[in-house]
Amino acid sequence: MKNLKNIYILPLLALFFMACSNDDDTPVPVIEEEVITTMTATLVPNGGGTTITLQTRDLDGKDGPNAPVLDISGNLAANTTYTGSIEILNETESPAEDITEEIEEKDEEHQFFFQATNSIATFTYSDQDGDGNPIGLSFTLTTGSAGTGTITITLKHEPNKTASGVKDGDITNAEGETDVSASFNVTVQ
């Protein structure tokens, strides 16, 4: 009788262990988020004048205890069009890693958004990804009358570029994850 029990129990145990085994040996891919410490927007006035830079630098990363350091090299000229470009760096590496190149390579997964308060400036995209959607590494900024306000630059990772208004730079429906964002208090004179 003992042997008869073993005949029934052994197949049941084998079936149990086979059902519980993990045959899926495919590892889950780890997607590392790029580390962004520094964003520099360079604004070159068309027709001559002083080049202006807007920079945010956060050497301990966006989750670190120290706040980013914002630097504005000067005031913007009123009623002027600037050719703008953005550089993104990871300065925790030595030498600094140029994240701008990764954004260019994965342009369909990134878009910069520009916002200005008090009608101090308007923005136009000068570059596009492979699908004809804006990126924002190159842009134009046109100032209005003299005044003060805030310019906010935000880089979104995997935004919904087909959502309403996103192609025109409206961040409202962009979704995605914010890689870096900075607001600069500027003067237009």
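The legends below go with several close-up views of this predicted model.

Local features need pLDDT of at least 70 and side-chain atom pairs count only at pLDDT 80 or more, while totals for chains, interfaces and linings use all residues. Residues are numbered from 1 along each chain as its sequence is written, and side-chain values use heavy atoms, with hydrogens and water left out.

View 1. Let's start with L43, which is found in strand β1 (residues 38-45); strands here are DSSP runs of E, at least two residues long, numbered from the N terminus. L43 counts as buried because its relative accessibility is 1%, where buried means under 20% relative accessible area, exposed over 50% and partly exposed in between, with a 1.4 Å probe and protein chains only. Beyond its neighbours within four places in sequence, L43 is in contact with residues including I52, L54, L76, Y82, F139 and L141 (contact means heavy atoms within 4.5 Å). Y82 is 39 residues away from L43 along the chain, with 5.4 Å between the two C-alpha atoms.

**View 2. T40 and its polar partner.** T40 also lies in strand β1, and at 11% relative accessibility it counts as buried. The side chains of T40 and Q55 are joined by a polar contact of 2.8 Å; such a contact is a pair of N or O atoms within 3.5 Å, where within protein one must be able to donate a hydrogen and the other to accept it, and residues adjacent in sequence count only if both atoms are side-chain atoms. Leaving aside neighbours within four places in sequence, the contacts of T40 include T53, S85 and E87.

**View 3. The aromatic cluster around F139.** Ring pairs link F114, F123, Y125 and F139 into a cluster. Rings of Phe, Tyr and Trp (its six-membered ring) pair if their centres lie within 6.5 Å; planes under 30 degrees apart count as stacked, over 60 as edge-to-face and the rest as tilted. A search of the whole structure finds four aromatic pairs. For F123 and F139, the ring centres are 6.3 Å apart and the planes are at 50 degrees, so this pair is tilted. F123 belongs to strand β7 (residues 121-125) and F139 to strand β8 (residues 138-143), so the pair ties together parts 16 residues apart in sequence. F139 is buried, at 2% relative accessible area.

**View 4. Strand β6 beside strand β9.** Five of the seven residues of β6 (residues 110-116) are buried. Seven bridges join β6 to β9 (residues 147-157), and the two strands run antiparallel; strands pair if DSSP finds at least two bridges between them. H110 has H157 as its bridge partner in β9.

Key
Helix = DSSP H or I, 4+ residues; strand = E, 2+ residues; numbered from the N terminus.
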